[in-house]
Amino acid sequence: MDMVKVKINGIEVEVPAGSTILEAAYKAGIDIPTLCYLKDINEIGACRICVVEVKGMRGMVTACVYPVADGMEVFTNTEKVQKARKMNLELVLSTHNQDCLGCVRSGDCELQKLAKDYGIKDTKAWSGMNMEWPVDDSAAHMYRDNSKCILCRRCVAACGVTQGIGVIGANERGFETHIASAFEQPLDNTSCVSCGQCIVVCPTGAIAEKDDTDKVWAALADPTKHVVVQTAPSIRATLGECFNMPIGTNVQGKMVAAARRLGFDKVFDTDFAADLTIMEEATEFLHRFTEGGAMPLITSCSPGWVKYCETYFPDFIPNLSSCKSPQQMFGAVAKTYYAQKMGLDPKDIVVVAVMPCVAKKFEVGREDQSAAGVPDVDVAITTREFARMIEKAGIKFDRLPDEDFDKVMGEASGAGHIFGASGGVMEAALRTAAEVLTGKELEKPEFMEVRGTDKGIKEAVYTLAGKTIRVAAVSGLANAKEILTKVRNGEAQYDFIEVMACPGGCINGGGQPTQPASVRNFVDLKSLRAGALYTQDERMTLRKSHMNQEVQALYKEFLGEPGSHKAHEILHTSYVARPIKY
Amino acid sequence: MKKISKLPFSGTPEQEAQLRAWLEENGKKPGAAMPALQFAQEIYGYLPVEVLRIVAEGTGRSLEEIYGIATFYAQFSLSPKGKYKIAVCLGTACYVKGSGKILAKLEEKLGIANGDCQLDGKFSLEASRCIGACGLAPVFTVNEDVYGRLKEDGSELDAILAKYRD
Ligand code: SF4
Ligand code: SF4
Ligand code: SF4
Ligand code: FES
Ligand code: FES
């Protein structure tokens with residue numbers, strides 16, 4: 001690679017030719033503020049907060065997109081630069097609804113931080129007449145509040161580029177420019193798939209999940225309710241970030257302790273249900289593989305993906321696994337088997353799910369998800385909402401002891417844990433399918449080819465008991481679109497495909513802790529978070545779903561065999577084709 | 001913001017075939033969205049959702065992206081023009097002489113808001129900038145006909161509209 005030498009504020013650094021000033025400065029240990037820039041997906045150079053001076057050049061340049069040249073001398077912090085950035089911020093603030101006290105992003109808002117860093121004393125310096133935008137809270141999973149939007153268009157890139165959907169964008173021009181959907185339709189009347197990727201890239205409080213924590217507090221306060229909580233595989237890998245722990249810290253023990261202190265009657269693990277999902281899905285796969293049925297089989301754990309498939313690729317609905325997602329399987333089992341075991345009326349059980357995902361809020365309200373005649377899951381909250389509850393309860397997260405999940409639905413295998421990263425469901429399913437097919441114990445439970453969060457499409461061919469199985473693990477919906485189009489056109493053949501709506505899988509879900517662009521652009525968030533789960537798996541002796549004793553007990557005492565009639569009634573669901581709206 | 005038409009779509013299969021043929025040939029070229037919208041507006045006279053869906057499909061972009069472009073450029077209209085296009089000048093000279101009131105009266109009489117078109121496609125109403133006839137302020141036009149020195153109370157409007165009764 002060609003390298004060039006540049007000086008940033010007098011510090012010499014060597015960087016690959018074609019690097020941006022922003023990248024060179026990072027190497028020199030200097031942060032240049034950014035607002036609109038998101039590496040690879042939103043390189044539009046629009047907000048101009050990143051301006052710097054370059055020796056020998058008249059005007060200032062935008063560091064996020066301007067490439068370095070050999071011998072270039074850059075100054076990132078001159079008086080002129082500071083003035084320009086400050087003015088820029090004042091102008092942004094002039095149209096901004098500065099309601100920090102009541103704002104969901106207060107404390108981790110990129111705009112707020114810049115205003116503070118640049119010492120903006122008069123936040124109303126240029127205020128005048130402003131456009132008034134209604135808050136769009138039509139959808140089940142999120143709301144959009146344009147009064148807090150700074151028009152960086154990061155959400156537009158997440159929706160259009162990363163996900164290949166594009167239901168939000170910039171409408172009108174000049175003073176009237178705003179983010180919305182076609183024909184100003186409310187989000188609920190668009191074909192938004194509820195993935196929430198727009199939320200996690202937004203620097204401000206302009207987009208956020210619908211907060212459902214009040215429902216949880218109310219349930220906890222109700223003495224007639226038996227309230228159980230389940231935490232998704234990826235939560236243990238991300239929750240620590242909300243309490244200033246390093247990215248990639250596995251906080252499973254503290255997470256359980258926190259949930260117990262919040263007052264849940266039982267603290268369970270969605271990973272138990274992940275193992276259960278594998279029992280059903282591996283059975284379904286082997287059945288279709290050997291006896292025929294719509295192939296390739298495609299996973300159905302990710303509700304954003306399921307909605308995408310129903311909307312944009314309805315011809316693949318027969319290929320979707322009929323398995324409910326782990327969240328829903330958990331709820332279904334809690335309100336049937338667990339209720340029976342505990343002598344509880346399912347109506348008195350409240351199942352709360354802590355999820356990396358905002359589409360889970362949509363999923364709890366789906367049809368055909370009520371095994372006991374009441375919804376399988378009552379409330380789905382995101383990692384962020386769960387952290388807010390812990391904060392509000394005054395629980396000192398970092399000082400908590402490590403505790404264990406409760407019995408009956410609290411045991412999980414390493415296979416269940418890795419569900420949280422792209423390729424994890426596939427690997428978990430292969431571990432079980434291989435042992436069922438061969439009748440022998442796997443020598444090595446790792447299926448490395450489907451691991452990794454850097455590639456959106458991973459393919460592999462395995463031979464199990466003399467049979468060739470072609471698999472793909474896909475994450476990010478633009479990648480799903482690519483691969484399904486190929487399958488549809490006969491350009492690619494697979495037997496089993498895992499799809500996760502969010503790039504890298506749940507560890508990067510739309511309900512996960514927000515990280516500013518300064519982190520997103522330079523730190524490999526996805527692999528650090530995924531690493532926490534793979535390490536946990538590696539250290540376990542229980543690494544295969546079918547070895548999970550509590551899952552075995554569930555089949556023995558209640559469900560019978562995987563794929564039995566009863567298992568189908570309780571653990572499986574159906575799908576509907578959805579018309580493309582706006 | 002641009003006025004979005006509520007009129008039922010009345011495009012013909014011939015119009016659609018014409019647009020699709022153009023898109024077939026040019027839709028996937030870089031920067032095709034603008035000319036595609038121009039061509040579509042030439043065919044239909046305006047850009048309702050039915051038309052934007054065809055353009056989105058033909059250019060491989062999302063409906064919202066196409067809508068964003070259509071609302072960014074002044075030349076595109078999301079609502080049809082009537083057989084008789086009424087444009088009320090809201091330039092400074094006309095405005096101080098009460099053209100705002102005349103616009104309001106016309107909205108009332110025609111039963112449509114500024115930017116709209118009547119359901120039967122007869123009259124459409126819009127506000128315009130100075131048309132260079134300030135001496136006649138306040139002014140409005142019906143297609144090519146100019147009406148000036150109007151009374152603020154709108155008492156002449158019925159007689160003027162009656163001329164376009166066919
Ligand atoms: S978006 Fe940021 S700056 Fe705006 S009100 Fe919320 S916290 Fe404050
Ligand atoms: S939730 Fe996903 S599909 Fe919906 S607007 Fe946001 S990014 Fe687009
Ligand atoms: S909603 Fe958020 S991400 Fe989208 S343009 Fe506004 S500030 Fe940027
Ligand atoms: S222009 Fe560089 S971050 Fe926006
Ligand atoms: S202001 Fe109306 S014609 Fe000039």
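Visitor: Is B:Trp22 buried or exposed?
Guide: B:Trp22 is buried, at a relative accessible area of 18%. Buried means under 20% relative accessible area, exposed over 50% and partly exposed in between, using a 1.4 Å probe and protein chains only. This is a predicted model, where local features need pLDDT of at least 70, side-chain atom pairs count only at pLDDT 80 or more, and totals for chains, interfaces and linings use all residues.

Visitor: And B:Phe39, buried or exposed?
Guide: B:Phe39 counts as buried, with 18% relative accessibility.

Visitor: How many aromatic pairs turn up over all chains?
Guide: The whole structure has 21. Rings of Phe, Tyr and Trp (its six-membered ring) pair if their centres lie within 6.5 Å; planes under 30 degrees apart are stacked, over 60 edge-to-face, and the rest tilted. The rings of B:Trp22 and B:Phe39 are stacked because their planes are at 20°, with centres 5.7 Å apart.

Visitor: What about B:Phe140 and B:Tyr147, how are those rings arranged?
Guide: That pair is tilted, because the planes are at 35°, and the ring centres are 5.6 Å apart. Both B:Phe140 and B:Tyr147 are buried.

Visitor: New topic: which ring does A:Arg173 lie over?
Guide: A:Arg173 lies over the face of B:Phe72, 4.2 Å from the ring centre. A charge sits over a ring if NZ of Lys or CZ of Arg is within 6 Å of the ring centre and within 35 degrees of the ring normal. Side-chain values use heavy atoms, with hydrogens and water left out.

Visitor: Where does the charged end of A:Lys307 sit?
Guide: Over the ring of A:Phe362, 4.3 Å from its centre.

Note on methods
Residues are numbered from 1 along each chain as its sequence is written. Chains are lettered from A and ligands numbered from 1 in the order in which they are written.
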